[in-house]
Amino acid sequence: NLACSYCYADPAAPAAGGPAPVRLGAVRSAAGLAAENCRRRGLPFTAVFHGGGEPSLNPRLLEAALAAVEEAAARAQVPVFKYLATNGVMPESRARWIASRFNLVGLSCDGPEEIQRAQRPLPHAQKGGRSSTRYVERTARTLREHGAAFHVRVTLTPDTITRQVEIVDYVCSQLAPQEIHFEPVYTGGREQNGFVSPEPARMDGLADTFVRHFLAAQARARAAGTP
């Protein structure tokens, strides 16, 4: 439900027969195997819901898969930690449900509206244009109001590496997560270049710029009390 400019999976690309949905039988089988391995090793069971696309788009399938994971953990008598990676573009009611069912949510947002609109736009113009910012801010607010733990994941591109302090200021003031993760864009899918260059001098310059601005942003976040 987004048209991210750099999507590594490029789910809009043509595929023979279209993308195959997750099969609940496979989820149950995998969950049972993982839960039993955790029981034997005395470890908690961690289940991560993510994808090359938005995992909350099919709430019935998500709920059924979550139930399968919880049932497998209960049979093996192991605790289960449930994580969801989301772009935050969803109805408020779904955000409330997610807040009640997951231990931790990873919310993707690349920064202030100008950046978010350029890198993570809605696929089609809606009321207010193609910006996804209002949905992400609403989801963050809903998660906070319902006491859900959530982190914000920021994808940095060559266009935004010098704006990392600005991004931190926005995320801390408008989204207020418990933690912020900055990651350089992956090469692949729609993003064919990213930070890759055949010129060593340019690569060194990009790396130096990335790190310098990252450390400044890290210090700004630390001052705001956010790791």
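Which side chain of opposite charge is nearest to D110? Select D110 and R120: R120 is that side chain, 4.7 Å away, and D110 is buried yet has no salt bridge. Buried means under 20% relative accessible area, with exposed over 50% and partly exposed in between (1.4 Å probe, protein chains only). A salt bridge needs a side-chain nitrogen of Lys or Arg within 4 Å of a carboxyl oxygen of Asp or Glu; Lys and Arg count as positive, Asp and Glu as negative, and His and the chain ends are not counted.

This is a predicted model, in which local features need pLDDT of at least 70 and side-chain atom pairs count only at pLDDT 80 or more, while totals for chains, interfaces and linings use all residues. Residues are numbered from 1 along each chain as its sequence is written, and side-chain values use heavy atoms, leaving out hydrogens and water.

Stay on D110, in the loop between β3 (104-108) and α4 (113-119). Helices (H or I, at least four residues) and strands (E, at least two) are DSSP runs, numbered from the N terminus. Now show T155: its backbone nitrogen lies 3.0 Å from a polar atom of the D110 side chain.

Next, select I115 in helix α4. I115 counts as buried because its relative accessibility is 4%. Beyond its neighbours within four places in sequence, I115 is in contact (heavy atoms within 4.5 Å) with D110, R120, T160, R163 and I167.

Finally, colour the open sheet of 5 strands, which has the order β1-β2-β3-β4-β5 and parallel pairing (at least two DSSP bridges between two strands). Its edge strands are β1 (45-49) and β5 (179-184).

Notes: A polar contact is a pair of N or O atoms within 3.5 Å; within protein, one must be able to donate a hydrogen and the other to accept it, and residues adjacent in sequence count only if both atoms are side-chain atoms.
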